[in-house]
Amino acid sequence: MFRVPRRKQETKQRAELPADFDAAAYLELNPDVKKAGEDPAGHYLAFGRSEGRPYRYYAELPADFNPDVYLALHPDVKKARHDPTVHYRTHGALEGRAYKIEDRLPSDFSADVYGELNPDVRTSGLAPDLHYVIFGEAENRRYKYDEQQLSNNLAPTYRYSIQHYSSDYKDDAFAIDPKLIAFYLPQFHRVKENDEWWGEGFTEWTNVRKAKPNYVGHPQPHVPAGQDYYDLADVAVQVRQARLAKEYGISAFCYYMYWFNGRRVLERPLDQMLANRTVDIPFCICWANENWTRTWDGKANDVLLAQVHSPENDRRFILDAMKYLKDPRYLRIDGRLVLLVYRTDLLPDCKETAAIWREEVRRAGLGELHLCAVQFYGITDPTPWGFDAAVEFPPHGWLVQENLPDTRPELLNDKFNGYVFDYDKSVDYALRKPIPDYRWYRGVFPGWDNTARRQDTPHIFHNSNPLAFERWLTEVLRQTVLMAPREHQVVFVNAWNEWAEGAHLEPDQANGMLNLMAVNAALKSIRHESQPLAILSRLRRFGEYPERSRDERLLLNLLRGNEQSTKVLTAMLRNKGSAE
């Protein structure tokens, strides 16, 4: 048989190859050819061309390319089982295929609103924007509110009034670093004690579901968004909660720890968190050291689990709690481990107990404790108790005459013998409180209504709403960053999930995500004000210091700039009004 000389054959092959043929890329893109040891040019001419095999890359891979997002955006690529990075470089870039979610979203898309209008999205495991691109667009799902809904309902209008705060905020030079710690109730899973005391299958949801309105306009029962009556026996719930809390600016959870003379109750969520690092949020504990009673108030009548205090028992408590204190996620303030006690007044010798705890923590090599006394039953200055700080805990101290509403509600429950207070008045009451000389961490709540636990004798703060909550939290944060050094810029929120007491940041059917969005807005407001607030804080705390005159000039310029901007804005609004 006649054979073409090898050199001439190679020359002919090269002449027939595409001018941009890349032998190395061909082998990389076709691993079977490389594995067989075939000559890339010869294989392409013999087989690759007719088979449509790729022979070069047409684009570099963008630095922000995400293979999972690319496959989600292009189901045909996923169905054909193409390597997403290879497909983009060989075909996708030439075809102009999107590789970022933003490229496929409407310009007015809001992840918060989309999640609110489509509750199933929150439990789908997909981010709202990704869910919209994969399913929502094809299913014609709503991602914004229509005009009628905006005009008839305060809540959606409020949604548009705040901008989303990113939790990736980096510290700046102005020493503004507020932290929000939300109290966390673990009673959303079954335990044998509750089965015995309240009936088979009891959890906090049992009380929440059975609540009824006591008066006209009383929003009961509270229903979680998407009717998500979750079970904390599933650690995936805690993973989702941690992610959601951090997304909106919550810095840490404060778990209630129920410990009765060595007996633990409702410990599962805390222990699950300890065992699962994917519950990615800092945490601390608050020892709920009062009696467990049938009326949920810790008083001596009808006790289900009694609390017996003694120096020996208190030492046992800190030793049992040590496994939590050792966790790297455990919250520290100014380098010290944060431990709250709900009722310091119940400790027979509180100073001695505090000394015992500090000694044991030092002996364990964990450093120092930062002991915080919840302000309950007359607790004010924590130092006589041997503690370092006090934690304001509304509504304790808010049940006063001046917070009563102007008009009595129209009752629906003939047995009602509770108290109704006005939320807006209570916010004003809170903001009038004088600042004490001791270390004081302020507290706020988005609402309070314990009808679910005490149908006929509840305490209700009527008319609670996210706008008023945002106002309260913003002012408290502003006060905190002005008065406290950076490491102690801490505010507590009551609570993340006190559903039976109507105090929850978690979304419900009535307000959706609005309480979390209020947290967002308050934090963003304070961080926008960081420069003047930090200057005011320095002027207050340091008196005379080398940079004082510079700070005074800078603050004056900022105030003049704000005044000038206000005048310009006012003029624009007046001109707009006269034109209309």
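Which residues does F183 touch, not counting residues up to four places away in sequence? The list is C254, Y256, C286, L340, V391, F393, F492, V493, N494, A495, W496 and N497. Contact here means heavy atoms within 4.5 Å.

This is a predicted model, in which local features need pLDDT of at least 70 and side-chain atom pairs count only at pLDDT 80 or more, while totals for chains, interfaces and linings use all residues. Residues are numbered from 1 along each chain as its sequence is written, and side-chain values use heavy atoms, with hydrogens and water left out.

Start with the core. F183, L340 and W357 touch the most other members of the largest nonpolar core, which has 119 residues. Strand β2 (residues 252–260) gives the most to this core, with 9 residues. Another core, of 12 residues, lies apart from it and includes V69, F109, L130 and V133. A nonpolar core is a set of buried Ala, Val, Leu, Ile, Met, Phe, Trp, Tyr and Cys residues joined through side-chain atoms within 4.5 Å. Buried means under 20% relative accessible area, exposed over 50%, and partly exposed in between (1.4 Å probe, protein chains only). Helices (H or I, at least four residues) and strands (E, at least two) are DSSP runs, numbered from the N terminus. In soluble globular proteins, nonpolar side chains tend to be buried together.

Now the cysteines. A search of the whole structure finds 0 disulfides. A disulfide is a pair of cysteine sulfur atoms within 2.5 Å. For C284, the nearest cysteine sulfur is that of C254, 3.6 Å away. C284 counts as buried because its relative accessible area is 0%. C350 is buried too, at 5%.

E193 sits in helix α12 (residues 192–198). Its relative accessibility is 7%, so E193 counts as buried. E193 touches R263, R264 and V265, leaving aside residues up to four places away in sequence.

Turn to a helix pair. Helix α19 (residues 466–483) packs against helix α21 (residues 530–542) at about 45°, with axes 7 Å apart. Axes are lines fitted to C-alpha atoms, for helices over the stretch in contact, and angles run from 0 to 180 degrees between N-to-C directions. The pair is therefore oblique: angles under 35 degrees count as roughly parallel, over 145 as roughly antiparallel, 65 to 115 as roughly perpendicular and the rest as oblique. R478, V481, L482 and M483 in α19 meet L533, L536, S537, R540 and R541 in α21.

Finish in a loop. T383 lies between β9 (369–374) and β10 (389–391). At 44% relative accessibility, T383 is partly exposed.
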